Amino acid sequence: VNMSNIRIFVECTLAIIKPDAVDKETEIEEIILRAGFSILQRRKIQLSPEQASEFYAVHSGKMFYPSLTAHLCSGPLVAMILARHSAIKQWNELLGPVDSEKAKETHPKSLRAIYGTNKIKNALHGSGCFNTAEREINFMFPN
């Protein structure tokens with residue numbers, strides 16, 4: 001078998017362990033690695049209210065926007081660049097529904113069901129699509 005023509009496509013996505021789940025970061029990172037992801041970069045940071053507003057700018061004007069941004073800058077968070085085949089889709093499947101209360105009912109083994117509380121304090125963030133992943137990775141890892 002000629003292996004020189006085999007290509008494996010690796011995709012990257014942004015994962016955030018939000019302030020409400022940072023105390024479980026080691027446990028969550030073990031789950032991420034066991035699910036076949038590589039953690040390419042990782043940093044623990046505290047966002048300012050301005051940075052949180054800029055990060056979630058796509059939700060600006062929505063009812064939940066003020067509480068969403070307030071939560072993101074309420075304490076330190078862990079931002080990670082995850083890589084694997086179909087990383088965006090796989091990470092979102094591992095996360096489960098955005099609303100942790102719904103996730104507990106419909107996806108009880110998902111990370112948001114296990115570590116989240118509600119729609120705002122849902123423990124983790126994942127990029128929704130390729131363009132968003134690119135923007136969010138550049139935001140959290142500017143160099």
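**A strand and its surroundings**

Mentor: I39 stands opposite L82 in β3, and β3 is the part to look at. The model is predicted, with local features needing pLDDT of at least 70 and side-chain atom pairs counting only at pLDDT 80 or more, while totals for chains, interfaces and linings use all residues. Residues are numbered from 1 along each chain as its sequence is written, and side-chain values use heavy atoms, with hydrogens and water left out.

Strand β3 covers residues 77–84. Helices (H or I, at least four residues) and strands (E, at least two) are DSSP runs, numbered from the N terminus. Strand β2, residues 38–45, runs antiparallel to β3 and is joined to it by 7 bridges. Strand β1 also runs antiparallel to β3, again through 7 bridges; two strands pair if DSSP finds at least two bridges between them.

Of the 8 residues of β3, 7 are buried, so the strand is largely enclosed by the rest of the structure. Buried means under 20% relative accessible area, exposed over 50%, and partly exposed in between, with a 1.4 Å probe and protein chains only.

T13 shows the β1 side of this arrangement: T13 sits in strand β1 and is buried, at 0% relative accessibility. Apart from neighbours within four places in sequence, T13 is in contact (heavy atoms within 4.5 Å) with residues including M80, I81 and L82, and also W91, S127 and I137.

Next come the cores. A nonpolar core is a set of buried Ala, Val, Leu, Ile, Met, Phe, Trp, Tyr and Cys residues joined through side-chain atoms within 4.5 Å. The largest one has 19 residues, and L14, L47, F55, L72, L77 and M140 have the most contacts inside it. Two or more residues each come from β1 (11–17), α2, α3 (65–72), β3 and α7. M140 touches L14, I16, R43, I45, L47, F55 and A79, leaving out residues up to four places away in sequence. A second, separate core has 18 residues, among them I17, M80, L82 and L124.

The structure holds 3 aromatic pairs. Rings of Phe, Tyr and Trp (its six-membered ring) pair if their centres lie within 6.5 Å, with planes under 30 degrees apart counted as stacked, over 60 as edge-to-face and the rest as tilted. F55 and Y56 are edge-to-face, at 5.1 Å centre to centre and 70 degrees between the planes. F55 is buried at 0% relative accessible area, and Y56 is buried at 5%. F55 and F139 have ring centres 5.4 Å apart and planes at 55 degrees, so this pair is tilted. The pair links distant parts of the chain, since F55 lies in helix α2 (residues 49–55) and F139 in helix α7 (residues 130–140), 84 residues apart. Ring pairs link F55, Y56 and F139 into a cluster.

Finally, back to the end of β3. R84 lies over the face of F37, at 5.3 Å from the ring centre; a charge sits over a ring if NZ of Lys or CZ of Arg is within 6 Å of the ring centre and within 35 degrees of the ring normal.
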